[in-house]
Amino acid sequence: QFGGIIEGLIQLRNQYYPTSVITCLSNSTQLHKESVLKALQEIENPILKLDAGTQEMLDVINKPIIPISIDEIVEHLVSFKGNLIIQTLFFAGEIEGVQFDNSSGPDFSFWLQCIEKIAPKKVMLYSLDRETPAQHLRKFTKEKLETIADKVREVGFITEVY
């Protein structure tokens with residue numbers, strides 16, 4: 001019923017607070033549902049997650065419970081035609097014996113290519129900020145996130161670090 005909820009929210013906003021902006025954060029895994037995609041495309045500030053640039057990295061760090069491909073997610077994000085904000089969690093560590101770092105190497109290069117293809121109005125970067133179920137994860141410093149942000153800015157996107 002997500003589409004109906006967003007539709008009702010838009011109606012209430014228009015009636016009572018017409019200058020307000022609607023923001024919704026999504027993990028991007030339900031964009032294959034037309035009602036979810038359409039609803040998010042109708043609001044001013046859809047913030048959509050993209051933590052990986054390769055299928056392998058997506059599987060390691062996001063552990064999707066439904067079959068979903070990185071290509072499918074990116075295709076749906078491109079359909080927003082730039083009216084979206086991409087939010088990405090950068091961190092490193094080990095999950096179930098698999099070492100990873102989504103801020104470097106081919107994984108980062110593919111993520112950056114995805115950003116260029118999606119062409120969002122803004123990119124938000126952050127790292128771990130609370131305890132996680134996995135014990136062997138490393139939070140990135142604000143300085144490291146700024147270094148990543150500079151690479152995103154170099155290809156032309158407004159980027160904020162949190």
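A pocket, on a 1 Å grid over the protein atoms alone, is an open set of points where a 1.4 Å probe fits, with protein on both sides within 12 Å along at least five of seven lines. Its volume is the space filled by probe spheres set on the points, and grid points are joined across faces, edges and corners.

## The model

This is a predicted model: local features need pLDDT of at least 70, side-chain atom pairs count only at pLDDT 80 or more, and totals for chains, interfaces and linings use all residues. Residues are numbered from 1 along each chain as its sequence is written, and side-chain values use heavy atoms, with hydrogens and water left out.

## The largest pocket

The largest pocket has a volume of about 720 Å³. It is lined by 32 residues (those with an atom within 4 Å of a point), and the closest to its centre are Asp 51, Ile 61, Asn 62, Leu 89 and Phe 91. Four names cover the elements that give two or more residues to this lining: α3 (55-61), α4 (70-78), β3 (85-89) and β4 (91-95). Helices (H or I, at least four residues) and strands (E, at least two) are DSSP runs, numbered from the N terminus. The largest share of the lining comes from α3, with 3 residues.

By class, the lining has 19 nonpolar, 7 polar and 6 charged residues. Here Ala, Val, Leu, Ile, Met, Phe, Trp, Tyr, Cys and Pro count as nonpolar, Asp, Glu, Lys and Arg as charged, and the others, Gly among them, as polar.

Where does Asp 51 sit in the chain? Its place is in the loop between β2 (45-49) and α3. Asp 51 has a relative accessible area of 8%, so it is buried. Buried means under 20% relative accessible area, exposed over 50%, and partly exposed in between (1.4 Å probe, protein chains only). Asp 51 and Leu 125 are 74 residues apart in sequence, and their C-alpha atoms are 9.6 Å apart in space.

## The parallel sheet

An open sheet of 5 strands runs in the order β1-β2-β3-β6-β8, with parallel pairing. Two strands pair if DSSP finds at least two bridges between them. β1 (23-26) and β8 (159-161) stand at the edges; each has a single partner strand, so one side of each is left without a neighbour in the sheet. The twist averages 20 degrees from one strand to the next. The axes behind such angles are lines fitted to C-alpha atoms, for helices over the stretch in contact, and angles run from 0 to 180 degrees between N-to-C directions.

β3 is largely enclosed by the rest of the structure, because 5 of its 5 residues are buried. Both faces are covered: Ile 85, Gln 87 and Leu 89 lie on one side, Ile 86 and Thr 88 on the other. β2 joins β3 through 3 bridges, and Ile 47 stands opposite Ile 85 in β3. β3 pairs with β6 over 5 bridges, also in the parallel sense. There, Ile 86 has Val 123 of β6 as its bridge partner. Further along, 3 bridges join β6 (residues 122-126) to β8. Met 124 stands opposite Glu 160 in β8.

## The antiparallel sheet

A second open sheet has 3 strands in the order β5-β4-β7, and its pairing is antiparallel. β5 (98-101) and β7 (136-139) are at the edges, each with a single partner strand, so one side of each lacks a neighbour in the sheet. The twist averages 5 degrees from one strand to the next.

β4 and β5 are joined by 4 bridges. Ala 92 has Asp 101 of β5 as its bridge partner, and Glu 94 has Gln 99 of β5. The hairpin of β4 and β5 has 2 residues between the strands, and in this hairpin Glu 96 takes a positive phi near 50 degrees.

## Cysteines and a loop residue

How many disulfides does a search of the whole structure find? The search finds 0. A disulfide is a covalent bond between the sulfur atoms of two cysteines. The search counts a pair of cysteine sulfur atoms within 2.5 Å. Cys 24 counts as buried because its relative accessibility is 16%. Cys 114 is buried too, at 11%.

Thr 29 lies in the loop between β1 and α2 (34-41). At 19% relative accessibility, Thr 29 counts as buried. The C-alpha atoms of Thr 29 and Glu 143 are separated by 30 Å, and the two residues are 114 residues apart along the chain.
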